[in-house]
Amino acid sequence: MLFFIDFENVGCAGLVGIESLTENDCVRIYYSNDPNVDMHSVQKIVHSKAKKQFIKLPDPIKMMNLANALDIVILTDISRMASQLSSDHTVSNYAIVVSNDKGYDPVISQLNNTNHINNIVRVNSIASFSAPVPANKGTASAVVDYNALDRLFTQTLSKYKQYKDKIVNIVKSSKSRCEINNRVNQSFDNDQSRAIMEALKPLIKGLPGQ
């Protein structure tokens, strides 16, 4: 997995879970000012087996005083490698933006659509990304009617069309209704979560409850 950390947005909270990553993972930490990092987080970064890269906002861009300059740099880097991601939903094929900023979502959705993938996602911390599990290990892929799920985004979930890739990924890679509910609650506010789960309920009723 490749994590793009918007450090000025999430701070050390976004790095929670870095200690569980492997040598196959890479964490790119983007910042512009001298970051405020507590020693506990430093220890986790140092001892993590993942590859670590620290990307400081270039001074020429910083001097331009652009709004969301760090976001632009992160999305530019993701855009360059998006075409290299395949539609094979293995863990290694995921690019994960770690930020609380929902402004990333429309661009992520467009990148996924353009490249015919849904492997670029946004989460609030490294730990909140749930690695996909192959369908033969009990995920929703063997149960859910994905044609019906697709139609939801022209009907009851039409106002959430920009989040289609994220919602579909949550459903596909979850093993129970409870897991879907938890991940939707983590990704959306209360009103959005209720509306999404109400629309999904008929489609996921065949999944285990736990």
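The crossing of helices α8 and α9 is right-handed. Keep in mind that this is a predicted model. Helix α8 covers residues 177-187, and helix α9 covers residues 190-204. Their axes come within 10 Å and cross at roughly 160°. That angle makes α8 roughly antiparallel to α9, because angles over 145 degrees count as such. Which residues in α8 meet α9? They are R177, I180, N181, V184 and N185. On the α9 side, the partners are S193, I196, M197, L200 and I204. The spacing of such residues has a simple background. An α-helix has 3.6 residues a turn, so residues three or four places apart point the same way.

Now step back to the whole chain. The protein has 210 residues, and 47% of them are buried. Its secondary structure comes to nine helices and five strands. Read from the N terminus, the order is β-α-β-α-β-α-α-β-α-β-α-α-α-α. Take the contacts between residues at least 6 apart in sequence: 74% of them join residues at least 24 apart.

Next, find helix α5, residues 104-114. Its buried residues are Y104, D105, I108, S109, L111 and N112. They cover an arc of only 165° around the axis, so they sit on the same side of α5. What do these buried residues pack against? The list includes three strands of the chain, β1 (2-6), β4 (95-98) and β5 (120-123). It also includes the helices α4 (69-82) and α7 (164-172). After α5 comes H116, with a positive phi near 55°.

Turn to a loop. T22 lies between α1 (7-10) and β2 (26-31). Is T22 buried, partly exposed or exposed? At 33% relative accessibility, T22 is partly exposed. T22 and A50 are 28 residues apart in sequence, yet their C-alpha atoms are 5.1 Å apart in space. Setting aside neighbours within four places in sequence, T22 is in contact with K49 and A50.

Last, consider the cysteines. A disulfide is a covalent bond between the sulfur atoms of two cysteines. How many disulfides does a search of the whole structure find? The search finds zero. C12 is buried, with a relative accessible area of 15%. C178 is partly exposed, at 30%.

Key. Residues are numbered from 1 along each chain as its sequence is written. This is a predicted model: local features need pLDDT of at least 70, side-chain atom pairs count only at pLDDT 80 or more; totals for chains, interfaces and linings use all residues. Side-chain values use heavy atoms; hydrogens and water are left out. Buried means under 20% relative accessible area, exposed over 50%, partly exposed in between (1.4 Å probe, protein chains only). Helices (H or I, at least four residues) and strands (E, at least two) are DSSP runs, numbered from the N terminus. The arc is that of the directions from the helix axis to the C-beta atoms. Contact means heavy atoms within 4.5 Å. A disulfide is a pair of cysteine sulfur atoms within 2.5 Å. Axes are lines fitted to C-alpha atoms, for helices over the stretch in contact, and angles run from 0 to 180 degrees between N-to-C directions. Angles under 35 degrees count as roughly parallel, over 145 as roughly antiparallel, 65 to 115 as roughly perpendicular and the rest as oblique. A crossing is left-handed if the near helix is turned anticlockwise from the far one by less than a right angle, and right-handed if clockwise.
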